[in-house]
Amino acid sequence: MTALAAHSNKITALYCRLSQEDMLHGESNSITNQKAILSKFAADNGFRNTKFYVDDGISGTTFERDGFKAMVADIEDGKVGIVITKDLSRLGRDYLKTGELIEMVFPDYDVRYIAINDGVDTLKSENELMAFKNIFNDWYARDTSKKIRAVQKAKAQAGKPLATHPPYGYKKSETDKNQWVIDEEAAAVVRRIFQLCIEGNGPTVIANILTADGIPTPTAYYRSKGMSVCRQNVKTKRWGMATVIHILERMDYLGHTVNFKTYRKSYKNKKLYENPKENWLIIENTHEPIISQHDFDLVQEIRSHKKRRQKSGTVSPFAGMVYCADCGNTLYVGRAQTLSPNQEHMMCSTYAHDSDECTAHYIRTCVLTEIILGELNKLSQFVRDNEDEFVRRAMENSAATQDSEMQTARKALRIAEKRINELDDLFERLYEDNVSGKISDERFATMSARYEAEQSKLKADAAKLSETISRKEQKKNDVMNFVGIVKKYEEFTELTPEIMHELIDRIVVHAPEGGRANRTQQVDIHFRFNVVTATATADFKQYYVRRKAV
Ligand SMILES: [Zn+2]
């Protein structure tokens, strides 16, 4: 379906206006006539859910009109998808105000505007609006704004940062104002924030730690350096959760320049909108990194796991990492004030919602902890004794599947890229055919919307594919990283969220087998980067005896 469908549940506003002056010019502008034209146009083009807004006998130079105000109220409530008038002057005769509506208010609420007789349709290229360029008194403003944007775009594509201030942790180079260099004092705080996150602290906890340690907030820091900070009355004593999150998510710390993270819908509208990630312009290695790719990825991964913050305030190292072997859903940590620590357990969340859908997969966390620590120490011993062997096996382990998956991904990416280019050509031809009158405006709108939808889906697919490919290429580095991390720990004696996230991808718990006397339960540990998987069996008798002893 096309753009038309997107608006189908919203109001198609049909606006009519008749002034005293218009009445002198006979029937052609009468409300009845306008209504007939608008109704027919809406029906012919499949615009449903129509609603009339009428102002009878009111001049177009004022916007104090009841029908108009009712329409604007509905627009501001987000109820309106399209506004249609017979011609531009029906909307208003004050061109400045009319322009403001079309250029600012309508885009802001995603409203499409059509003036039938003037050939204006905001869904189509801005060029259509050029037709009445001269009626905008403030047209030059748009031109100026366009020129500024062109300069910014050129700058952005050259990998120069658009931001006037470098992010916290960097400063402008004294020799080249366009170059960022590391500001060691602030960079140390940035590194600490990432480290605190890797150690399992959430943004609020991190903010509290920094505040308690008397670390100046970025605003306070800039002020102490005598730099102008635009907001004068923001709180500078306490670190906020939002500041911490913002820092943890900035790709700039990897040494990349990220431009066009936000955009404006129109030059008159100062509001900034978030640009979807695929529209970001990322230029790699434009300045020195503060955070390594490994740590950055780790932080994003940790943050993407939904963490269950327990009543005690600590995060369970298992939160979001343990899965049910049968339904694939996560196991959740059941902790109650009344339970002693060794009664803390995990259960399948599907089972928790509906006991007919899966079985409990009940496992106590102390049992799971013991199994994982045992496997970690075994693995660590093996890596220490046979590092080369381990690296070779880890690489081979998945080399075969890796290669064929890689080829499939590469091929799919090539096809997607080819089609994206084809669509670009089709767009261009379609546009030319429309200008030359070979195809109607309606047809143009329908087809271009269809092309656009296809292309944006392809672009999203292509982005995913290139990500998959580069992730696979990371493989070798990953294995070496993994070895490095394993060697970092002398011996594993306790499980922290840090260890879990650095070394383990996921844990799969099987349903227990056997009866009460000989119950066993299989646990698979998938180590990170797909390097190795360990399978262990929990023997109930063993753990039962141990529990009794506690
Ligand atoms: Zn399950």
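**View 1. Glu 387 lies in helix α16 (residues 387-435).** This is a predicted model, in which local features need pLDDT of at least 70 and side-chain atom pairs count only at pLDDT 80 or more, while totals for chains, interfaces and linings use all residues. Residues are numbered from 1 along each chain as its sequence is written. Helices (H or I, at least four residues) and strands (E, at least two) are DSSP runs, numbered from the N terminus. Glu 387 is partly exposed, with 14 other C-beta atoms within 10 Å. A residue is buried if 20 or more other C-beta atoms lie within 10 Å of its own, exposed if 12 or fewer, and partly exposed in between, with C-beta atoms placed from the backbone. Val 483 sits 96 residues from Glu 387 along the chain, yet their C-alpha atoms are separated by 7.8 Å.

**View 2. Five strands form an open sheet.** The strand order is β2-β1-β3-β4-β5, and the pairing is mixed. Two strands pair if DSSP finds at least two bridges between them. At the edges are β2 (50-56) and β5 (120-121), each pairing on one side only. Helix α3 (residues 31-44) packs on the sheet and touches β1, β2 and β3. The direction of α3 makes about 155° with that of β1. Helix α4 (residues 66-76) also packs on the sheet, touching β1, β2 and β3. The direction of α4 makes about 145° with that of β2.

**View 3. Strand β3 (residues 80-85) pairs with β1 and with β4.** With β1 (residues 11-18), the pairing is parallel over four bridges. Leu 14 has Ile 84 of β3 as its bridge partner. With β4 (residues 112-115), β3 again pairs in the parallel sense over four bridges. There, Ile 84 stands opposite Ile 114. Six of the six residues of β3 are buried, so the strand is largely enclosed by the rest of the structure.

**View 4. Helices α9 (residues 184-198) and α12 (residues 241-249) pack against each other.** Their axes lie 10 Å apart, at an angle of about 95°. Axes are lines fitted to C-alpha atoms, for helices over the stretch in contact, and angles run from 0 to 180 degrees between N-to-C directions. That makes α9 roughly perpendicular to α12 (angles under 35 degrees count as roughly parallel, over 145 as roughly antiparallel, 65 to 115 as roughly perpendicular and the rest as oblique). From α9, Val 190, Ile 193, Phe 194 and Cys 197 make the contact; α12 supplies Val 244, Ile 247 and Leu 248. Two residues are in contact if their C-beta atoms, placed from the backbone, lie within 7 Å. Seven of the contact residues are nonpolar, with no polar and no charged ones. Ala, Val, Leu, Ile, Met, Phe, Trp, Tyr, Cys and Pro count as nonpolar, Asp, Glu, Lys and Arg as charged, and the others, Gly among them, as polar.

**View 5. Helix α12 has a buried side and a face turned away from it.** Val 244, Ile 247 and Leu 248 are buried. Seen down the axis of α12, its buried residues fall within an arc of 100°, so they line one face of the helix. The arc is that of the directions from the helix axis to the C-beta atoms. Covering these buried residues are elements including α9, α10 (203-212) and α13 (293-304). Exposed Ala 242 and Glu 249 are carried on the face turned away from the buried side.
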